[in-house]
Amino acid sequence: MTEINATTGLREGTFAIGRVTDGQRSFNALIRPAGELVDLSDRFPDTPSIYQDWDRSFEALDDLSRTAKQVADSLDGYRFLPPTDRPQIFCAGSNYRQHAAEMYTFNEGAYQKERLPGESDDDFYQRNLAFVTDKRAQGMPFIWLATFGSLVGSDDDIVLPSVGKAHDWEAELTAVLAGGSPRYLTPDEASTFIAGYAIGNDMHTGDLFSRSDIKWNADWIAKQPPTFKQIGPYVVPRQFVGDLNDLQITLHVNGEIKQDWPAGDMIFSPAEYLAYASERLPVLAGDVLMMGSPPGNGGVHGQFLVPGDEVDIAITGLGSQHHRVIAEETDGRKPYYGLPVFE
């Protein structure tokens, strides 16, 4: 297996694409494993110009990776922005069996309404695992949508909102999508419309999820606060990514490992999710698909994020993220509605 360069976390012989700023301007850049940066703004001025015709773009980028002169031989002085500009964010729900079963067992709110009187955590977990295995794996993917207003880069601060306390992490493999796909893709066709992969963190505030004043008992806006979707630092082309089981997802909080799982251990693959999405909505160049969380969320550990924490996320060959956790500055303003109704 190709050696990984410690400078970027990229495999030798590959490259990645990112959006960077030097404080004066923002632009698309090609990143070599040793940290050399090539300015792509003349050839690829925006996100659609890269991802609309991905196969042609990859050929051009592959040539540039070998021949173009870098504008910097170090990433010092550059900050990574989210790798695509104003994407639609498709989020996979309950896509790792163990995580889904843990979530249904240990998360508070509506999930606990399914627990039998006196049922132990272990028995409840086994029932939930059977449900996930029998129903989810034999059914179809579940997608919910996030807004690009919640999107930040790989080294930006995580800002905890004033409403709620159960601010939880979900490190996820994230696919960046190519343009030009037709409607009603098959999974085999869909695989060619995945341009590459990045690291994502699909955070949520658990005590905002459950509501008893609406019949579906859940409020997905709990996953939308500013900074709650961290994606990056860059996109590694799919041409460099082989078996997803070779990609290990890890997340540390204050240096302590919380998530450590092979990315490929999914119920539905990225191609299957993209095929499903193509039946439901338009897929645009540079959109992102967050593939669901493996086990190890805060609800299982009995620990949620608080100001002063530090979060580090890595996926093999895709680089790493680092975030400080801070409290939201409200300038004295207070929530009008606050926590939702739940009985």
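Mentor: Happy to! Let's begin with a word we will need: a residue is called buried when its relative accessible area is under 20%, exposed when that value is over 50%, and partly exposed in between. Keep in mind that the model is predicted.

Our part is helix 3, and its buried residues are His99, Ala100, Ala101, Glu102, Met103, Tyr104 and Thr105. That makes seven of the ten residues of the helix, so helix 3 is largely enclosed by the rest of the structure.

Glu102 is buried and yet has no salt bridge. A salt bridge here needs a side-chain nitrogen of Lys or Arg within 4 Å of a carboxyl oxygen of Asp or Glu. For Glu102, the nearest side chain of opposite charge is Lys258, and that is 12 Å away. What does Glu102 touch, then, once its neighbours within four places in sequence are left aside? Its contacts are Asn107, Tyr125, Pro295, Gly296 and Val300.

Now let's step back to the chain around the helix. Its secondary structure comes to seven helices and 19 strands. The radius of gyration is 20 Å, close to the 20 Å that the globule rule gives for 343 residues, so the chain is as compact as a globular protein of that length. Along its principal axes, the C-alpha trace spans about 65 × 50 × 35 Å. Buried residues make up 52% of the chain. If you take the contacts with a separation of 6 or more, 75% of them join residues 24 or more positions apart.

Ile313 is found in strand 18, residues 310-315, and counts as buried at 1% relative accessibility. Beyond its neighbours within four places in sequence, Ile313 is in contact with several residues, including Ala171, Ile199, Gln230 and Leu251. The C-alpha atoms of Ile313 and Gly200 are separated by 8.4 Å, although these residues are 113 residues apart along the chain. Gly286, by contrast, has its place in a loop, between helix 6 (270-280) and strand 17 (288-290). Gly286 also counts as buried, at 1% relative accessibility. With neighbours within four places in sequence left aside, its contacts include Thr47, Tyr51 and Val176.

Glu102 has no salt bridge, but the structure holds 17 of them. In one, Asp85 pairs with Arg19, the closest N and O atoms being 4.0 Å apart. Asp85 lies in the loop between strand 4 (79-81) and strand 5 (89-92) and Arg19 in strand 1 (residues 16-21), so the pair ties together parts that are 66 residues apart in sequence. Asp85 is partly exposed at 42% relative accessibility, whereas Arg19 is buried at 16%. Another salt bridge joins Asp39 and Arg25, at 2.4 Å from N to O. In that pair, Asp39 is partly exposed, with a relative accessible area of 24%, and Arg25 is partly exposed at 36%. Finally, Glu170, Asp202, Lys223 and Lys229 are linked in a network of salt bridges.

Definitions and conventions: Residues are numbered from 1 along each chain as its sequence is written. This is a predicted model: local features need pLDDT of at least 70, side-chain atom pairs count only at pLDDT 80 or more; totals for chains, interfaces and linings use all residues. Side-chain values use heavy atoms; hydrogens and water are left out. Helices (H or I, at least four residues) and strands (E, at least two) are DSSP runs, numbered from the N terminus. The radius of gyration is taken over C-alpha atoms; the globule rule is 2.2 Å times the number of residues to the power 0.38. Buried means under 20% relative accessible area, exposed over 50%, partly exposed in between (1.4 Å probe, protein chains only). Contact means heavy atoms within 4.5 Å. Lys and Arg count as positive and Asp and Glu as negative; His and the chain ends are not counted.
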